[in-house]
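Open your viewer and get your selection tools ready.

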Amino acid sequence: MSIPSRHFDALIIGAGGAGLNAALQLASADVRVAVVSKVFPTRSHTVAAQGGVNAALANVLPDNWHWHMFDTVKGSDYLGDQDAIEFMCREAIPTVYELEHAGVPFSRLDNGKIYQRAFGGQSQDFGGDQAARTCAAADRTGHAILHTLYQQNIRARTHFFDEFFALDLVRDKDGIISGALVLEIETGEPLLIEAKATLLATGGCGQVFRTTSNAHINTGDGCAMALRAGIPLMDMEFYQFHPTGIAGKGMLITEGVRGEGGFLVNKDGERFMERYAPRAKDLASRDVVARSIVTEVKEGRGAGENGDYILLKLDHLGAEVIDKRLPGIRESSRIFAGADPIREPIPVFPTAHYAMGGIPTDRFGRVVVPVGSGSEQVVAGLYAAGECACASVHGANRLGGNSLLDILVFGRLAGKDIIDFVRENPYQRSVDPASLDEAMGRLTRWDQKGSGVPAHQLRAEFRKCMEDHAGVFRTEEIMTEGYQRLCELREQFKDARLTDHSKVFNTARIEALELQNLIDVGLSIAVSALHRKESRGAHSRPDYPNRDDVHWMKHSLYYREADRMDYKPVRTKPLTVESFPPKERVY
Amino acid sequence: MKISVYRYNPDTDQKPRMQDYEVRPFQGMMLRDALLEIKKQDESFAFRHSCGEGVCGSDGVNANGKNCLACVTPITELSQPIVVRPFPGRPVIRDLVVDMTQFYEHYRAVKPYLVRTDPLPEQEILQSPEDRDKLDGLYECILCGCCSTACPSFWWNPEKFHGPAALLQAWRFLADTRDQATEERLDALEGPYKLFRCHTIMNCVDVCPKGLNPTAAIGLIKDLMLEKGF
């Protein structure tokens with residue numbers, strides 16, 4: 001069977017903020033770039049980011065990148081790589097200005113500068129007073145940024161493959177990644193896209209959990225492709241549960257609500273965060289706030305008929321502030337919680353939100369893997385950026401406002417590095433037919449007929465199992481039980497079948513392909529979590545309640561082959577400044 | 001609860017048909033939840049959807065004769081039996097999935113990006129809060145297509161009339177004090193079709209899930225043309 005093929009200098013898989021910012025660099029430099037996205041680009045999940053993007057512009061309160069760096073290192077519970085963090089916090093400033101120049105409609109201050117709001121975990125002067133570092137376009141910052149980046153890519157004439165699903169990476173005879181096999185969703189036909197460099201920018205994997213702020217499309221496709229290519233995933237046990245999802249539904253209510261002065265109360269009307277974080281209170285780091293909410297509910301102080309949520313109060317801010325700064329939140333709360341926040345509090349509970357871990361990269365977006373003892377090497381021609389990548393700037397817990405920053409900074413830098421790479425490697429490598437057959441096998445496997453567990457049923461069971469066994473609090477017992485069940489489901493997957501074998505826009509088939517990715521990525525989270533015997537950042541173990549810097553200040557690496565774990569050291573040395581040594585983390 | 005949905009699979013069907021499904025409603029159920037329930041019963045049913053909270057713009061459909069975004073449309077707002085069809089006037093690919101290529105082409109045709117000819121400052125381009133307010137009600141568009149596919153002028157002249165979504169974005173950049181391509185933008189909108197096929201029917205305003213007003217934006221473009229002596 002002959003598969004049609006197209007040739008580009010660079011292939012980008014994913015059209016969210018990271019992919020589009022990389023594409024913009026490449027297209028503007030006249031590099032032939034293809035962007036493959038399983039949805040029309042402005043449907044990518046960057047669109048749902050609300051609160052804003054961090055940069056020490058000092059438009060509202062005094063600030064500098066070094067304080068931002070300190071907050072990020074502390075927020076990461078000292079697991080973030082300090083060279084990458086320094087780099088990101090420095091780059092934040094020109095990155096935000098570049099976005100503004102590109103047209104992002106940021107909210108404005110009276111002096112005409114970009115509006116900045118307070119967010120959790122931000123401080124002035126290395127742990128002092130609250131800072132205001134988050135640049136916002138009302139509470140629709142992600143939407144404003146994603147649309148602007150897509151618009152600029154229209155200007156730059158980037159080549160888009162909209163509604164094409166990436167099946168797998170392909171290699172040449174030497175094992176070098178040389179593009180990807182993709183599926184045109186509309187026709188159901190495969191297409192080989194050959195490229196000198198490939199960037200994975202596929203975003204998050206929140207769909208591995210049942211209750212999540214993530215969209216239907218966030219199925220960890222890039223992470224799973226990397227795993228299948230033999231590349232480990234790093235720090236996958238660190239999965240962020242956002243403190244304020246709409247209770248029972250999971251839609252996000254931005255931390256910006258608390259940044260603007262909203263606060264959490266339990267059923268007794270008590271501002272309970274004062275007990276857990278006396279100084280930062282409601283603007284403590286996300287892991288801290290999420291655990292506090294779950295603890296309140298567990299100890300019987302939850303609100304509502306079943307006592308299973310907490311209340312987010314913001315009516316005291318007044319209608320004017322809410323309509324000006326948080327209009328999207330008001331709309332979401334009215335639609336999904338039936339509560340108008342101008343008058344009544346929003347019922348909230350933590351929701352699966354963000355993967356701190358991902359495909360290991362250096363700070364230029366180049367994928368790196370360990371070789372021998374202690375050292376690592378770049379995987380030639382393969383890049384990753386955005387939520388699917390791990391640079392590692394978030395360590396064990398990401399600060400609000402740092403994810404838009406991460407995707408923009410590292411998307412941009414990956415784009416720039418690819419420009420150099422394709423100049424130095426001008427010839428396309430030819431794809432090994434065996435590699436192509438393997439990728440095709442992922443697709444044709446679903447043509448099998450006969451009885452087997454329906455793919456959608458398996459997907460639901462898997463997500464429920466992840467939610468029950470890899471949530472906010474994790475013990476050996478719960479996780480071991482969960483791992484066994486996940487392994488059973490992975491076995492059942494081999495017999496999963498579709499009843500619909502049609503080609504044209506077969507969404508059941510796409511979801512089945514995504515299920516394989518969810519299983520691979522879900523297992524990476526469960527296995528990494530089971531092995532880490534300490535509590536750090538978002539990984540919280542009642543059976544090992546303390547952080548253990550002696551044994552566990554190291555990055556996890558999960559390999560799909562035999563669920564194997566490996567580890568590598570944290571890079572504690574920044575680029576130009578002194579290192580921040582680990583300290584007890586209090587807010 | 002009975003839902004009747006439009007079904008057409010070019011691989012297997014000679015012609016489209018309506019198919020009825022029985023769905024158990026729950027408190028707070030949105031139309032998207034109902035469609036997902038149908039998908040569980042019948043995996044061959046196809047529709048686009050993603051974020052589930054009205055920001056990605058994927059799941060525009062026509063329910064009981066009116067375009068809407070399924071994920072933010074409570075089923076309690078729809079009289080039963082609910083009849084769900086694809087957007088009107090667009091070629092159907094399969095079931096509720098339509099071909100939106102032409103819609104996106106019109107969007108791209110209005111050059112929906114900031115044009116700046118002056119050298120860029122080291123920091124941000126300054127903009128007063130009042131000037132920034134002029135973008136409210138414009139930049140929030142999610143490109144779902146509810147408006148343009150509800151517009152009779154767009155049904156008649158889909159090749160030539162830009163349609164409300166694209167024109168709203170044309171105004172979004174004309175209204176931005178940072179943009180420096182006003183003359184070129186207005187030039188490009190001249191002629192009897194691209195802009196002037198809007199007959200203020202206002203279906204676009206009626207269906208916009210984000211509460212935006214493309215008709216008003218089109219009026220403002222016309223005003224600006226007059227002011228500039230076009």
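Which residues lie nearest the centre of the second largest cavity? Select A:Glu163, A:Phe505, B:Phe47, B:Arg48 and B:His49 and you have them, out of a lining of 29 residues. Keep in mind as you look around that this is a predicted model.

**Stop 1: the second largest cavity.** Stay here a moment: this cavity holds about 440 Å³ of space. Now show H15 of chain A along with H1 and strand E3 (60–63) of chain B, each of which supplies at least two lining residues. H15(A) gives the most, with four residues.

**Stop 2: the largest pocket.** Next, select A:Arg210, A:Arg463, B:Arg32, B:Asp33 and B:Leu36, which lie nearest the centre of the largest pocket among its 42 lining residues. The volume here is about 1400 Å³. Helix H13 (455–469) and helix H15 (507–531) of chain A, together with helix H1 (31–41) of chain B, each contribute at least two residues, and H13(A) provides the largest share, seven residues. If you colour by domain, domain 1 (244–350) and domain 2 (448–569) of chain A each give at least three residues to this lining. By class, the lining divides into 15 nonpolar, 13 polar and 14 charged residues.

**Stop 3: the largest cavity.** The whole structure has nine cavities of 30 Å³ or more, and the largest cavity contains about 750 Å³ of space. Centre your view on A:His45, A:Thr46, A:Gly203, A:Asn218 and A:Glu387, the residues nearest its centre in a lining of 49. Elements of chain A giving two or more residues to that lining include helix H1 (17–28), strand E7 (164–171) and helix H11 (402–424). The lining counts 19 nonpolar, 23 polar and seven charged residues.

**Stop 4: helix H3 of chain A.** Select residues 82–102 of chain A. At 1.5 Å a residue, these 21 residues should span 30 Å, which agrees with the 29 Å between the end C-alpha atoms. Zoom in on A:Ala92 to see a kink of about 40 degrees, shortly before the proline A:Pro94. In H3(A), 17 of the 21 residues are buried.

**Stop 5: helix H8 of chain A.** Finish with residues 286–298 of chain A, a helix of 13 residues reaching 18 Å from first C-alpha to last. Twelve of the 13 are buried, among them A:Arg286, A:Asp287, A:Arg291 and A:Glu296.

Technical notes
Residues numbered from 1 in each chain as written. Chains lettered and ligands numbered in written order. Predicted model: local features only at pLDDT ≥ 70, side-chain atom pairs only at ≥ 80, totals over all residues. Heavy atoms only, no water. 1 Å grid on protein atoms, 1.4 Å probe; cavity = no way out; pocket = protein on both sides within 12 Å on 5 of 7 lines; lining within 4 Å. Points joined across faces, edges and corners; volume = space filled by probe spheres on them. Nonpolar A, V, L, I, M, F, W, Y, C, P; charged D, E, K, R; others polar. Domains from an automatic or database assignment. Expected span 1.5 Å × (residues − 1). Bend = angle between axes of the 7 residues up to and from the residue. Buried < 20%, exposed > 50% of the residue type's maximum accessible area, 1.4 Å probe, protein only.
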